[in-house]
Amino acid sequence: MDIAALNEKYVGLEFDEVHFDIETEPMVEFAEACGETLPKFTDPSDPDFQAVPSYTARFHGGRALPEGFPIVQEKNFDGGKTVEWKAPIRAGDRLTGRSHIHDIFEKTGRSGGMMFIVHRMEFTNQNDELIAIVDWKMIQKLG
Amino acid sequence: MILDLHSHSIVSDDSRAKVENYCQWIRKKAIPVDGFVLTEHRLYDDVSDYSALGRESGLLILKASEVETDYGHVLVFGVTDALRRTFDFGEIGLPLEKVVHESARHGAIAVPCHPGRTKVGMCAHIETRGEPEGVQVIETLNGGSRGNENDEALALAERKGYHRIGGSDSHIVSHIGRCATRFEDEIHDMDELVAALGAGRCEAIRLEDGAWISLP
């Protein structure tokens, strides 16, 4: 796997755009599933009602990787997500999620060589305000 | 003087620990260390300045690197701009002997870490590649080791006469200070640390029930 060539070809390439309508009930369910107790996350009548900061982690785009990206599915596993919160999500918002490959790098661990692919999804609301950046790491075992 | 010589902050891709939180944790839990070294994966953090935080918290905070070689992972203490120009810290599979040699040539020291660990420790590679030249010090106590990985590291150090260090390999705040290195002298900066490691004026120790335990 030529990591430098993959970087050159794919990093920065935007390959997906999806839209999400934000509804009250799933916001409350998600907050409760997270163990939240603050009314601003659990009570729609709270004047500052909003989604929990990690809410965008639940959303997936239309595709995980750009078309043609060389991945071996049986050697691929999920490396988790990091959410960088930027602004509140309110009920009734319409979010747009745009995906690009943010980084590709190699490392070694107990299980051998691995390639990390960082799928970055940037979420904006109907006012084009950036509300969250979600980095999803996909790990491909090498060798 | 006791320093945790192996730790990672959010600058590393796989750590969630903020340096400020390491300091708070050490003070809150009264962990008996005088400081720690940030050994970020495959890079040297030349941006962050922890000198004010160190003064405020009464801890020595130094910066180093953990690079990846054909003999596994290696800590590099005393990184300089000139040393960084001699090999790419971001590469995996760097030749260990080059890392050791160039480090020494630039006043730094390269220390293979968790040598007993599968695939990324030196012991596994000695069987296939032979004994590397130039190694003086290895990490015999690593806080992230499993099973007998630290025993294998100690056996290697005894067989080869290597000097020994310890480090927590912490990636989360609560793991800082699980293992550390006791120095015979006071260490104030990286130059003194490198000198003490090269002279072997140190020992690997691990924290057990709030007290430091020395290896045999």
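At 39% relative accessibility, A:Arg94 counts as partly exposed, a label for anything between buried (under 20% relative accessible area) and exposed (over 50%), with a 1.4 Å probe and protein chains only. The model is a predicted one, where local features need pLDDT of at least 70, side-chain atom pairs count only at pLDDT 80 or more, and totals for chains, interfaces and linings use all residues. Residues are numbered from 1 along each chain as its sequence is written, chains are lettered from A and ligands numbered from 1 in the order in which they are written, and side-chain values use heavy atoms, with hydrogens and water left out.

A:Arg94 pairs up with A:Asp21 in a salt bridge whose closest N and O atoms sit 3.0 Å apart; the term covers a side-chain nitrogen of Lys or Arg within 4 Å of a carboxyl oxygen of Asp or Glu. A:Arg94 belongs to strand E3 (residues 94-109) and A:Asp21 to strand E1 (residues 14-21) of chain A, so the pair ties together parts that are 73 residues apart in sequence. Strands (E, at least two residues) and helices (H or I, at least four) are DSSP runs, numbered from the N terminus. A:Asp21 itself is exposed, at 52% relative accessible area. Over all chains, the salt bridges come to 22.

Another bridge links A:Lys107 with B:Asp13, again with closest N and O atoms 3.0 Å apart. This pair crosses between chains, from strand E3 of chain A to the loop between strand E1 (2-7) and helix H1 (19-28) of chain B. A:Lys107 is buried at 7% relative accessibility, while B:Asp13 is partly exposed at 22%. B:Asp13 also bridges to B:Arg42, with closest N and O atoms 2.8 Å apart. B:Arg42 sits in the loop between strand E2 (35-41) and helix H2 (51-57) of chain B, so its pairing with B:Asp13 ties together parts 29 residues apart in sequence. B:Arg42 is buried, at 11%. Through shared partners, salt bridges join A:Lys107, B:Asp13, B:Asp14, B:Arg42 and B:Glu68 into one network.

Chain B as a whole has seven helices and ten strands. Buried residues account for 56% of its 216 residues, and its C-alpha trace spans about 45 × 40 × 30 Å along the principal axes.

B:Glu192 lies in helix H7 (residues 190-199) and is partly exposed at 31%.
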